[in-house]
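The following note sets out a reader's points on the model shown here. Each point may be checked against the sequence and the coordinates.

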Number of protein chains: 4
Amino acid sequence: MKVIKDSVHDHIAVDGVARALLDTPALQRLRRISQLGTVSLVYPSANHTRFEHSLGVYHLACEALDQLGIEGVQADRITAASMLHDVGHGPFSHNVEDLIQRHTGRYHDDVHALLSDGEIGTVLHDHDLDPARIADLVAGDGEFGQLVSGELDVDRMDYLVRDAHHTGVPYGTIDHGRLVRELRFVDGELVLGAGNVQAAESLLVARALMNPTVYSHSVARISKAMLRRATETLLDADAVDAETIARMDDYELVVALRQCAASRPLVRRLDDRRLHKRAVWAEIDDVPGGIIEATHETVRRFEREIADRADVPADHVIVDVPERPSMAESTTRVLVNGEVRRLGYQSPLVDALRAAQYAQWRLGVYSPADERDRVGRAALDVLGLDIDGPLVSDVRDGLYTTLDQFTE
Amino acid sequence: MKVIKDSVHDHIAVDGVARALLDTPALQRLRRISQLGTVSLVYPSANHTRFEHSLGVYHLACEALDQLGIEGVQADRITAASMLHDVGHGPFSHNVEDLIQRHTGRYHDDVHALLSDGEIGTVLHDHDLDPARIADLVAGDGEFGQLVSGELDVDRMDYLVRDAHHTGVPYGTIDHGRLVRELRFVDGELVLGAGNVQAAESLLVARALMNPTVYSHSVARISKAMLRRATETLLDADAVDAETIARMDDYELVVALRQCAASRPLVRRLDDRRLHKRAVWAEIDDVPGGIIEATHETVRRFEREIADRADVPADHVIVDVPERPSMAESTTRVLVNGEVRRLGYQSPLVDALRAAQYAQWRLGVYSPADERDRVGRAALDVLGLDIDGPLVSDVRDGLYTTLDQFTE
Amino acid sequence: MKVIKDSVHDHIAVDGVARALLDTPALQRLRRISQLGTVSLVYPSANHTRFEHSLGVYHLACEALDQLGIEGVQADRITAASMLHDVGHGPFSHNVEDLIQRHTGRYHDDVHALLSDGEIGTVLHDHDLDPARIADLVAGDGEFGQLVSGELDVDRMDYLVRDAHHTGVPYGTIDHGRLVRELRFVDGELVLGAGNVQAAESLLVARALMNPTVYSHSVARISKAMLRRATETLLDADAVDAETIARMDDYELVVALRQCAASRPLVRRLDDRRLHKRAVWAEIDDVPGGIIEATHETVRRFEREIADRADVPADHVIVDVPERPSMAESTTRVLVNGEVRRLGYQSPLVDALRAAQYAQWRLGVYSPADERDRVGRAALDVLGLDIDGPLVSDVRDGLYTTLDQFTE
Amino acid sequence: MKVIKDSVHDHIAVDGVARALLDTPALQRLRRISQLGTVSLVYPSANHTRFEHSLGVYHLACEALDQLGIEGVQADRITAASMLHDVGHGPFSHNVEDLIQRHTGRYHDDVHALLSDGEIGTVLHDHDLDPARIADLVAGDGEFGQLVSGELDVDRMDYLVRDAHHTGVPYGTIDHGRLVRELRFVDGELVLGAGNVQAAESLLVARALMNPTVYSHSVARISKAMLRRATETLLDADAVDAETIARMDDYELVVALRQCAASRPLVRRLDDRRLHKRAVWAEIDDVPGGIIEATHETVRRFEREIADRADVPADHVIVDVPERPSMAESTTRVLVNGEVRRLGYQSPLVDALRAAQYAQWRLGVYSPADERDRVGRAALDVLGLDIDGPLVSDVRDGLYTTLDQFTE
């Protein structure tokens, strides 16, 4: 048994198949994939990695298995899945994920391949574990998949606490000890035991406060959009293909972006923190539905049109349209009066937080600071936005509420 | 200058009038008044006192004054008020406060007297400070009173963090550093600067989660009701008068309760943690409005009738009717688009949390464990409750959601 | 199983005999015995109790049993002993312990009686546990007694971390998770596994830094001496007997001290924090050996002589002679090269810390501030001290090194 | 003014010249230089960077300036120096520092150049600050240089606390708030005020415990030696010159090492954590003085001879000879009895910790696991070591005492 010191969970004991997986190159690579990507440009302490997060998820999974009395091969599968759940991540985690998927045409299905091949495949084979079943758990399929990827999964419990610890933002402090202790299976569904509506709410609230403060902080969104655009430029230049990027670590992607003339200007801006600024920051009600639903190609075309109209280089305009807000936790199940109920039914907070999320939704158009006026006006026309106040709506309604570290 | 080590704020530097106040008997007495009273029967680490809380409030007040650029005599008044804001507390803080007030007929007006007399009066006089103006600040009056007692006061910022630290419950972790830094005065109103809707929400959420988990935890409510009843018994026995109790510390009240034959049985139950149990735990919709609005005397009469009907001794029945829920923070003001707006107007969370609070409201009837059935049935009749399921409604609707440490 | 939230160890699960013991009046009484007594007059946050400490010791004992693979009746005995190890403490723990023992003539032997009688006796009997064997464990006897009271006991691991947490002083932060994990039994001796010399040293260092900063802080020593003297006055006045005091809680002792005319002046000084000051603070080399070895009665006689000569009331002079320094941890055993070695043999730190402890030793003579000169000079003569600089030796050699919160 | 959230010091306010420096590429580069290099292969959470450390040092410098009453241009120089003190670091900080210096022939003198040129030069010029004077402060020269680089510098205070926070090892927890508050200048020397011998000792102890547990952990030493050797291979292959490497960030160096065929095998071992093991781990008394004093070239020759004799490839043998132990803190000055005294004179701990450090000194010879026996025996002969027990001396004497995470 190895014992590893973790800054969040203190000592983590690693044993069995998990220990063998730990020594594979695919897992060691996660040491070089940052957990929060460009968020460190907002919160400079947020340099933690997918590796320590994977250890944390494994640790909480072990506690949950203990609590639920799951043993044997089923337990091995779940601990393996918890350790491996992020092994398919590309460099900078979620920052360029959709881009890679669009170019490779593959989404999560390559997890199967990753788990079957190479050293991971060998380790699983040696421990009599079927890669396909573990890939299913990672995808959240089946009764036990809920533990690895679902409303009450240990992934979320770890990242909320870990991201709060490393950013210094106190909002993610959930009582994970209690949540794990209260997990139950009822008729094949993972639920919280009676008396835990509030514990479930706290998980919801933690996400709702961490979202705009950390994950969707405007500066994090801008720098993420710049990184994604730089990577797209690299792909367009045929310098590297998407399959190769998918298997890079953060180090390789950054250096590749610097070595390619087309992507160099943007990545140098990121290196030096000379970030684009918001030219437009529009509320959902001011944005035509067609824009929100537009394909990636359409958005790229809009960017080119805006750049043309504003007479600036193409990579000086980035249009960033987030998806319509959703709230997975609303389906969290809690035992109430002996019945399993959905939290969205039980708690008035769910609707309120959904409304808050809707109110915080913003379409962003970004450009270098000295071109923002021109780009903003051009974007209004091209995108058909219906804004009659200032183009950056914090000023207008104040609902954008995060600490603008380093900004403007 | 004295420097005092605090487990929450680390070093607290105390100077000027605050330092002189620190050495008065009235302030030193707060070392022997627990911050959370009977909550330590639920969370055994919650043994912190009003003294350390007063130091913490003083510390945050100093930071706020710095931030707001308030100096001179006005600053001295505010630091004195922050240090003194709890000096009028009776033993066990809020646990027997209303009882003492009912018997003495005096409410907060005696703060004036406390600040004018004795060593505190002398200290204030020596520093050319008017006790009446400081008493006004403690009462939250005037522009600067908002800092000491209002929606954004430093009192709340300290107690949320301190109570979380000492109970071990993580929900009170607000970002007090940011809140203090963002305080502004706009047209005589204390507001949070632009971009802080969410910081304001986090304060609201912290209270909403701490309330049922800590402050109104069912076992804390039961033991508080037992302590209050024991104290009332002591008063009824004419053993001590209310004025005397008001100036006791926790130590004296506990010993007085043990020394009086009438109150001894109840306080011994508290000593040994043989607590009453819930015979009824009714939702607000099942309780006649008349009961909710009933005077203290009426409630006492109900208790006697229930005891009669159930054929148990009078002090075996306690009826505990909390006030209708309110939510002070909904009037917190935040700068939005250059205007001052109330949070209740700006945030969908306010209504949701108010609804949650309403749903968590419970009328309690408590009795020794072996009499709870009889007492419960008698209470139904006497109080005219409209319950058709089990009498203790957690079982029924699960909205009561705290960790029942030690209970049943 | 009960789960209790602790501010140090988070969730503590209590089960079996430990749970039954928890509900006894003797254990609940520990909620009203402060862990550090008058130390809270130096560190205002240090209001934690023997109850939460007992829970913490129980928790670490369970982890150690797990680690050592001890089960069954032996494990029950050890968990019971860990829960009960402080049950014999008088009010204010160690502050008046020696005084009570001197008056009752009984030392630790009454633990046997405490565990055999009353509800504790019943609980142990119901769980087929022999009180005598548990009392032996509490006394540190036998192989397993080392776990409860020895160089590597879980008592020390809990109190160092807990006292650091509650005072805010960072020096007690040992890695108790690792220490517990590394415990081994070798030939009937409790040792740390190979590679842990430094872990053992950290335990030693933590004590060495906490001692002068917290446990023997000069102001804590002064107020402890005042409390002890007040209690002795109470006994001399025949107001209460020592047996009764031994079973009081903090609340009762404080009120008893206030109610007795003889002890009232001193306890009022403690209440209002008008503490005596150091009239003499002498190094060990300047104190005749006879004084250091003097009996309690001799010291009392010295106090009276000093008071006579200085012409002040008898209770204005307190002579406080600590025992010669010792260092229990020097016998901590660690596996080195497959042999069990004593830390004192292995580590140069042990001798250094022993020397530091010797250098920090001070005899104190305390009196009200305005009489300290007269009392100091009188004490020099009566005690035959050989001091030629100032009488309070910090000024002289600076080795007294703690943060003098609140002092002079 | 910018306010930045830090996971150690919470909010850090950055203003004036420090703010302007923050936006220079040279400072932003520190975001991509890890604070502890290969230590993250032992403690996976230790991914913090020189950038956040620089912010922390700046923050403590501001507090120290406040405390010492230093203002104006002198204060600007010191804050600039604190922000810039690590700007000359090469990739992986200290891991490859000596190697770069040996190849460039330049040591700290290039700090002058770095501060005079580029954007930093412009910023300093704009704020009327002389780069040469700031470089002197960074080098610890002059009265105020002690604050930036000396026994009581804010650099050490930040890194001890920060490294403890991020590794999860509790030993670095010093009371930096108190240390900064107690700084004084006496006759041009930076000292701690009276009553702080113990505070000074705690700084010493923190380093003494962090050293073997973190900074010189055997696995950190092995991986650092592998990284250094890989970099040397890269230089020997003339793939990149030392000047270029000195200005790389971690990302570029890792990719460069992978792209060069000669260094690739070693860096792949680091990537996959297939680390060399200790073939020899010898105490100082068993090593001929000539080996300890040997030049780098001589050591390289030894490595080749050992590889020859053991018949393994040259890069399979690494000889790692640390410098003779020293203890800078022994000259820390504290006010004692009105005089400035050196801690080494005042405290018995200094000698003890020096002895411990001496006892922990180890010469290491590393090789792949399956070749360690052969390499170990060959190394004995070539280096003339006088060992008659096992070659890896932990087993022999247990003084090697850290938590061997991940090892063998």
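Predicted model: local features only at pLDDT ≥ 70, side-chain atom pairs only at ≥ 80, totals over all residues.

1. Helix 15 (residues 250-259) of chain C is largely enclosed by the rest of the structure, because eight of its 10 residues are buried. A residue counts as buried if 20 or more other C-beta atoms lie within 10 Å of its own, as exposed if 12 or fewer do, and as partly exposed in between, with the C-beta atoms placed from the backbone. The buried residues of helix 15 of chain C are Asp250(C), Tyr251(C), Glu252(C), Leu253(C), Val254(C), Val255(C), Ala256(C) and Leu257(C). Their cover includes helix 15 (250-259) of chain B, and also helix 13 (218-236), helix 14 (242-247) and helix 16 (264-271) of chain C. Helices (H or I, at least four residues) and strands (E, at least two) are DSSP runs, numbered from the N terminus.

2. Residues are numbered from 1 along each chain as its sequence is written, and chains are lettered from A and ligands numbered from 1 in the order in which they are written. The predictor gives the complex an ipTM of 0.93 and a pTM of 0.91. The average pLDDT (the predictor's confidence in each residue, from 0 to 100) is 89 for chain A, and 95% of the residues score at least 70. Residues 395-408 of chain A should be read with this scale in mind: pLDDT stays under 50 there, and the model has 47 contacts for them beyond four places in sequence. Two residues are in contact if their C-beta atoms, placed from the backbone, lie within 7 Å.

3. The overall form of chain A comes next. Chain A has 22 helices and nine strands, and 58% of its 408 residues count as buried. Its radius of gyration (taken over C-alpha atoms; the globule rule is 2.2 Å times the number of residues to the power 0.38) is 22 Å, which agrees with the value near 22 Å for a compact globule of 408 residues. Along the principal axes, the C-alpha atoms of chain A fill a box of roughly 65 × 50 × 35 Å. Among the contacts in chain A with a separation of 6 or more, 71% join residues 24 or more positions apart.

4. Chain A is divided into domain 1 (2-168) and domain 2 (276-324 + 361-408), with bounds that come from an automatic or database domain assignment. The centres of domain 1 of chain A and domain 2 of chain A, taken over C-alpha atoms, are separated by 35 Å.

5. How many residues of chain A are in contact with chain D? There are 36, and they meet 36 residues of chain D. On the side of chain A that touches chain D, two or more residues come from each of several elements, including helix 3 (50-68), helix 10 (154-167) and helix 16 (264-272) of chain A. Strand 1 of chain A gives the most, with five residues. By class, this side of chain A has 13 nonpolar, 12 polar and 11 charged residues. Here Ala, Val, Leu, Ile, Met, Phe, Trp, Tyr, Cys and Pro count as nonpolar, Asp, Glu, Lys and Arg as charged, and the others, Gly among them, as polar.

6. Strand 9 (residues 362-367) of chain D is mostly covered, since six of its six residues are buried. In a regular strand the side chains alternate between the two faces of the sheet. On one side of strand 9 of chain D are Arg362(D), Gly364(D) and Tyr366(D), and on the other are Leu363(D), Val365(D) and Ser367(D), all buried. Strand 9 of chain D runs antiparallel to strand 5 (residues 277-283) of chain D, with six bridges joining them. Arg278(D) stands opposite Tyr366(D). Strand 6 (residues 318-320) of chain D is also antiparallel to strand 9 of chain D, joined by three bridges, and Asp320(D) stands opposite Gly364(D). Two strands pair if DSSP finds at least two bridges between them.

7. Is Asp238(A) buried or exposed? Asp238(A) is exposed, with 9 other C-beta atoms within 10 Å. Although it is not a glycine, Asp238(A) has a positive phi of about 55°. Asp238(A) is found in the loop between helix 13 (218-236) and helix 14 (242-247) of chain A.
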